[in-house]
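Colleague: I am new to this model and would like to go through it in parts. Please start with a pair of packed helices.

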Amino acid sequence: MPLTIEDLSNRLGISSSTVSKALNDRPDVASATKARVVRAARELGYQPSAAARNLRRQRTNKIGLVVTYPVQRVSDFLSELIPGMASVAEGAEYNLILYTSMVGSSERIKNLCRSREVDGVIIAWPPRLSETVALSQLLTDEEMPHIFLPRRLPHEGISYVAADHVQGARLLTQHLIALGHRRIGFERLPEVYETDYDRHAGYAQALRQAGIPYDPALVIAADSQDADYDRRSFAAFQALDDAPSAALFFTDPVAIKALSLAKARGIRVPQDLSIAGFDGILSSGVTEPALTTVRQPTSKMGELAVESLLRLIAAESSEAQQRTLPVELIARGSTGQNTEA
C-alpha cells in the first residue's frame with residue numbers, strides 16, 4: 001500500500017499536521033524538522049495524494065475536450081488537434097480528458113460541470129448559434145470555464161478558436177480561376193453553420209472579384225447524415241447539363257472519395273476535372289494525384305484553445321478569448337489548367 005502522512009508521522013514521532021506542513025514548506029515549521037521530514041519522505045518513497053491535494057486547492061488539473069459531433073466523422077481532424085492540446089496541457093501539468101458521448105446532450109454536459117471532474121472544458125463542433133449561446137450560459141452559470149472550436153461564433157461574449165474559413169475558400173477559388181476555370185462547383189455543408197456560411201462567402205467573393213457570375217446551380221448542399229453523401233455530391237455535379245470543370249468539396253475525406261469516383265467513371269483528374277478539398281489532413285498528400293487543399297493550422301488551434309482556457313481557469317481575464325487563425329493553400333496535382341478555357 002502507498003505510504004501515507006500518518007505512516008511518516010508514526011515513523012518520525014511527529015504529528016501528522018507537522019509532517020503535512022513540512023511537506024508543504026510552511027513557515028511555521030523549523031528548518032531542521034522540514035529537512036528531516038523531506039529526507040524521510042524521499043527515502044521511503046512517499047508520494048503525495050493528488051486527489052487530496054486537488055481537493056484542498058479545489059482543482060483537478062484536468063481539462064475536458066467535449067466532442068459534440070459524431071467522432072468517426074472527425075477522427076482525422078482530432079488526430080492532429082489533440083497533440084497540440086496535449087502538449088500545452090502537459091506543460092502546465094494538466095491532463096486532457098476526452099468525452100465523445102456528448103452529441104446533442106446538454107444534460108450530460110451539465111452533469112460533467114456539477115461533478116467537477118475537470119477545471120474547464122473545450123467544446124468541439126458546437127451546435128447552431130442559439131443553442132451554443134444557451135450552452136455557454138449554462139457553463140457560465142455552473143462556473144465552468146469554457147471555449148469553443150473550430151468555428152467562428154458571432155457573439156462577443158463567447159470564447160472560441162477558429163480557422164479563417166472565408167480566406168480558405170477564397171484562396172481555393174482564386175487558385176482555380178487562375179488555372180482558367182470558370183464553372184467551379186462548390187459543396188456546402190449547412191449543418192456546420194458559420195463554417196459553411198464563411199466558406200460559401202469566400203467562394204462568392206472570389207467569383208465576384210474575378211467578374212464571374214455566381215451560378216446557384218453549381219452550389220449543392222450536402223447532408224452528412226446520408227451515409228453516401230460524398231457519392232451524392234459528386235453525382236450531383238456530374239448530372240448538371242453543363243458540368244463544372246472544377247469542384248470544391250467541403251472536406252478532404254469527401255474530396256478523396258471524389259478522386260476514386262472520378263477514376264471509376266473514367267474521368268481524368270485534373271485533365272477532365274480538377275478536384276480540391278479543405279482541411280489539409282495528412283492523408284490528402286498521399287492520394288493519386290495528391291489533393292489540392294487548404295490546410296487549417298489544426299495543431300496550433302489546439303494549442304491556443306488550451307492556452308486560452310488556462311487563462312480563463314486562472315481568472316487572468318474575464319473577457320472572451322476569440323482567435324481566428326490564417327490558413328494555407330496547398331496546391332497539388334488534383335487541380336490543373338482548364339484545357340477548355
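**Helices, loops and strands**

Colleague: At what angle do helix H8 and helix H9 pack?

Modeller: Two packed helices are described by the angle between their axes and the distance between the axes. Helix H8 covers residues 165–178 and helix H9 residues 194–209; helices (H or I, at least four residues) and strands (E, at least two) are DSSP runs numbered from the N terminus. Axes are lines fitted to C-alpha atoms, for helices over the stretch in contact, and angles run from 0 to 180 degrees between N-to-C directions. The axes of H8 and H9 are 7 Å apart, and the angle is about 35°.

Colleague: What should I know about the model itself?

Modeller: The model is predicted, so local features need pLDDT of at least 70 and side-chain atom pairs count only at pLDDT 80 or more, while totals for chains, interfaces and linings use all residues. Residues are numbered from 1 along each chain as its sequence is written, and side-chain values use heavy atoms, with hydrogens and water left out.

Colleague: Is the crossing of H8 and H9 left-handed or right-handed?

Modeller: A crossing is left-handed if the near helix is turned anticlockwise from the far one by less than a right angle, and right-handed if clockwise. The crossing of H8 and H9 is right-handed.

Colleague: Which residue's side chain does Glu191 join in a polar contact?

Modeller: Glu191 sits in the loop between strand E6 (184–188) and H9. Leaving out residues up to four places away in sequence, Glu191 touches Tyr69, Arg73, Asp223, Ser224 and Gln225, where contact means heavy atoms within 4.5 Å. A polar contact is a pair of N or O atoms within 3.5 Å; within protein, one must be able to donate a hydrogen and the other to accept it, and residues adjacent in sequence count only if both atoms are side-chain atoms. At 2.4 Å, the side-chain partner of Glu191 is Ser224.

Colleague: Is Asn61 buried or exposed?

Modeller: Asn61 lies in the loop between helix H4 (50–57) and strand E1 (62–67). Its phi is near 55°, a positive value in a residue other than glycine. Buried means under 20% relative accessible area, exposed over 50%, and partly exposed in between (1.4 Å probe, protein chains only). Because its relative accessible area is 13%, Asn61 is buried.

Colleague: How many residues of strand E3 are buried?

Modeller: From E3, Gly120, Ile122 and Ala124 point one way and Val121 and Ile123 the other way, and all are buried. Strand E3 (residues 120–124) is therefore largely enclosed by the rest of the structure, its buried residues being five of the five.

Colleague: Which residue of E4 is the bridge partner of Ile122?

Modeller: Two strands pair if DSSP finds at least two bridges between them. E3 pairs in the parallel sense with strand E4 (residues 146–149) over four bridges. In E4, the partner of Ile122 is Ile147.

Colleague: Which strands stand at the edges of the open sheet, each with a single partner strand?

Modeller: The open sheet has four strands in the order E7-E6-E8-E9, with parallel pairing. One side of each edge strand is left without a neighbour in the sheet, because each has a single partner strand; these are strand E7 (219–221) and E9.

Colleague: What is the omega of the peptide bond that joins Val269 and Pro270?

Modeller: Pro270 is placed in the loop between helix H11 (252–264) and strand E9 (274–276). The bond is cis, and omega is about 10°.
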